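Here is a short tour of a pocket and of some charged side chains. Have the model open beside you as you read.

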Amino acid sequence: MITEDDIVSYDWTHQQLMLTSQLRKKYEVEYMTFLADFSPFVVTIDQQPVFGGMILKQFSPLAIDFPVLYVLNGPTHPDEDLLSIALRPTHDYQRKLDAPSSFPSSDSQLADSVRQHFVEIGKLAR
């Protein structure tokens with residue numbers, strides 16, 4: 001489980017989150033089970049599920065028309081301290097991960113609420 005306490009910063013424009021070094025270490029040790037490829041994820045607010053999706057490798061051939069989460073800098077990037085993940089509304093292996101992206105929910109009120117929450121807790125990257 002990842003909580004808002006595990007999030008160092010949230011780049012809203014690119015929908016990329018930087019997670020703590022502690023989570024990165026956990027991922028490096030448990031990458032077959034923690035944030036593992038093809039695993040489901042659920043985003044909750046106040047312990048209520050708001051949307052879910054699948055953790056996937058960027059170059060997966062699967063055609064997925066629901067939210068995906070990509071781990072951007074796993075064990076192959078040993079020089080980095082934080083773990084970086086990206087949220088996308090759907091899977092598109094051709095899309096560059098540094099391209100701007102929208103929040104992976106069509107509910108604009110939910111997106112505004114999430115964005116404002118990260119502003120209030122000082123974790124929204126500008």
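Which element gives the most to the lining of the largest pocket? In this predicted model, the answer is β3, with six residues. The pocket itself holds about 950 Å³ of space. Its lining counts 30 residues, and I2, T3, V42, V43 and T44 are the closest to its centre. Elements that give two or more residues to this lining include β1 (7–11), β3 (40–45) and α2.

Now for the charges. The structure holds one salt bridge, in which the side chains of E28 and R24 meet at 3.0 Å, N to O. Both residues belong to helix α1 (residues 21–30), where they sit four residues apart, about one turn of the helix. Are the two partners buried or exposed? E28 counts as partly exposed because its relative accessibility is 32%, while R24 counts as buried because its value is 2%.

K123 is another charged residue to look at, in the loop between α2 (108–120) and β7 (124–125). K123 is buried yet has no salt bridge. Why none? The nearest side chain of opposite charge, D5, is 4.8 Å away, and a salt bridge has to be within 4 Å. The side chain of K123 instead reaches the backbone oxygen of I7. Leaving aside residues up to four places away in sequence, K123 touches several residues, among them E4, Y10 and F118.

The distances side by side:

| Pair | Distance |
|---|---|
| E28 and R24, side chains, N to O | 3.0 Å |
| K123 and D5, side chains | 4.8 Å |
| K123 side chain and I7 backbone oxygen | 2.8 Å |

Definitions and conventions. Residues are numbered from 1 along each chain as its sequence is written. This is a predicted model: local features need pLDDT of at least 70, side-chain atom pairs count only at pLDDT 80 or more; totals for chains, interfaces and linings use all residues. Side-chain values use heavy atoms; hydrogens and water are left out. Buried means under 20% relative accessible area, exposed over 50%, partly exposed in between (1.4 Å probe, protein chains only). Lys and Arg count as positive and Asp and Glu as negative; His and the chain ends are not counted. A polar contact is a pair of N or O atoms within 3.5 Å; within protein, one must be able to donate a hydrogen and the other to accept it, and residues adjacent in sequence count only if both atoms are side-chain atoms. Contact means heavy atoms within 4.5 Å. On a 1 Å grid over the protein atoms alone, a cavity is a set of points where a 1.4 Å probe fits but cannot get out, and a pocket is an open set with protein on both sides within 12 Å along at least five of seven lines; lining residues have an atom within 4 Å of a point. Grid points are joined across faces, edges and corners, and a volume is the space filled by probe spheres set on the points.
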